Amino acid sequence: MMIKKFAPILILVAGILWGSMGLFVRTLNAQGLASMDIVGLRAVVTAVSMLLFLLIFDRKLFVIRLKDLWCFLGTGICSIVFFNYCYFKAITMTSLSVAAILLYTAPAIVMVLSYFLFKEKLTKRKLLALAMTFAGCVLVTGILTEKGSVSFGGILVGLGAGLGYALYSIFSRYALEKGYSSLTITFYTFLIAAVASCFLTDMGNVIRVAADGTGNLLFCLAFGVLCTVAPYLAYTLGLQYVENGKASIIASIEPVTATLLGAVLFHEKLTVSGVCGVVLVLAALALCNDKK
């Protein structure tokens, strides 16, 4: 019951941690890692961290049924590998705020898919919150107010990230309904993502960067734990008690976090329309969590 009470907060915390991911990606990219290399690094660090955690605390959580493997292939490859590649690429092609905001076309995709797959209701409150989130996204990107500020390629890659992100909620919901814990889902998601990304990643380059001093190693570990292990556990745990569509909107605190961090740490331009967009997203989040 305690987890149920704080489920929306768990999802909110997950969104904030995901919003800080751009800081790590920019730094790793500057050190010579390509987008796919960063995907591989993130997946491997997360898989190893979860492996050690489960070995110590509960080995029974390793058990899955072979017939359910498709759920984890979905979260690992269709979501994590595809979504991370598109998102990390978008971060290098656009600003942190634009990349994160384009990612949040995901709530619309989640709501539509959940309506058909899980029979979740499309209430007026949900639709209003979704419309406010979308409007906020448009304002923050500056597509309407600053012509040419974002390339077509950057928008396309960002939308790809949104699709991949949405698929995590869908496939993990299926896994939850089959009785798997958030720990099991997170472990197998990133184990499969790690194996898949090894075929697409220059692991020699990844190892070179990660092993280049204690500071780099700790930075890579922090990237995996703070931006992956912690938020995915929190999100998947919260998803047990919060509908897919609502959870996706709550997590839209992520682009707000990314926008503010980009402005403060990277001196990215924050326009009046951008501020209005952030306010709209926050208002949508509040509307979604209003129990009245």
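## Pockets, a cavity and helix packing

The second largest pocket holds about 160 Å³ of space. This is a predicted model, in which local features need pLDDT of at least 70, side-chain atom pairs count only at pLDDT 80 or more, and totals for chains, interfaces and linings use all residues. Residues are numbered from 1 along each chain as its sequence is written, and side-chain values use heavy atoms, with hydrogens and water left out.

A pocket is an open set of points on a 1 Å grid over the protein atoms alone, with protein on both sides within 12 Å along at least five of seven lines; a cavity is a set where a 1.4 Å probe fits but cannot get out; lining residues have an atom within 4 Å of a point. Points join across faces, edges and corners, and a volume is the space filled by probe spheres set on them.

The lining of the second largest pocket includes Gly40, Leu41, Met203, Ile207, Cys220 and Leu221. Helix 3 (35–57), helix 10 (203–210) and helix 11 (214–238) each give at least two lining residues. Helices are DSSP runs (H or I, at least four residues), numbered from the N terminus.

There is 1 cavity of 30 Å³ or more. Its lining is Tyr104, Ala106, Tyr165, Ala166, Ser169, Tyr235, Ser248 and Ala251. Helix 8 (residues 152–177) supplies the largest share, 3 residues.

The table gives volume and lining by class. Ala, Val, Leu, Ile, Met, Phe, Trp, Tyr, Cys and Pro count as nonpolar, Asp, Glu, Lys and Arg as charged, and the others, Gly among them, as polar.

| Site | Volume | Lining by class |
|---|---|---|
| Second largest pocket | About 160 Å³ | 11 nonpolar, 1 polar, no charged |
| Largest cavity | About 30 Å³ | 6 nonpolar, 2 polar, no charged |

Now the packing of helix 4. The axes of helix 4 (residues 69–93) and helix 5 (residues 96–103) come within 8 Å and cross at roughly 150 degrees. Axes are lines fitted to C-alpha atoms over the stretch in contact, and angles run from 0 to 180 degrees between N-to-C directions. Helix 4 and helix 5 are therefore roughly antiparallel (over 145 degrees). Phe83, Tyr87, Ala90 and Ile91 in helix 4 meet Leu96, Ala99, Ala100 and Leu103 in helix 5, where contact means heavy atoms within 4.5 Å. This contact has 8 nonpolar, no polar and no charged residues.

Helix 4 packs against helix 9 (residues 182–198) at about 60 degrees, with the axes 8 Å apart.

Terms used:
Angles under 35 degrees count as roughly parallel, over 145 as roughly antiparallel, 65 to 115 as roughly perpendicular and the rest as oblique.
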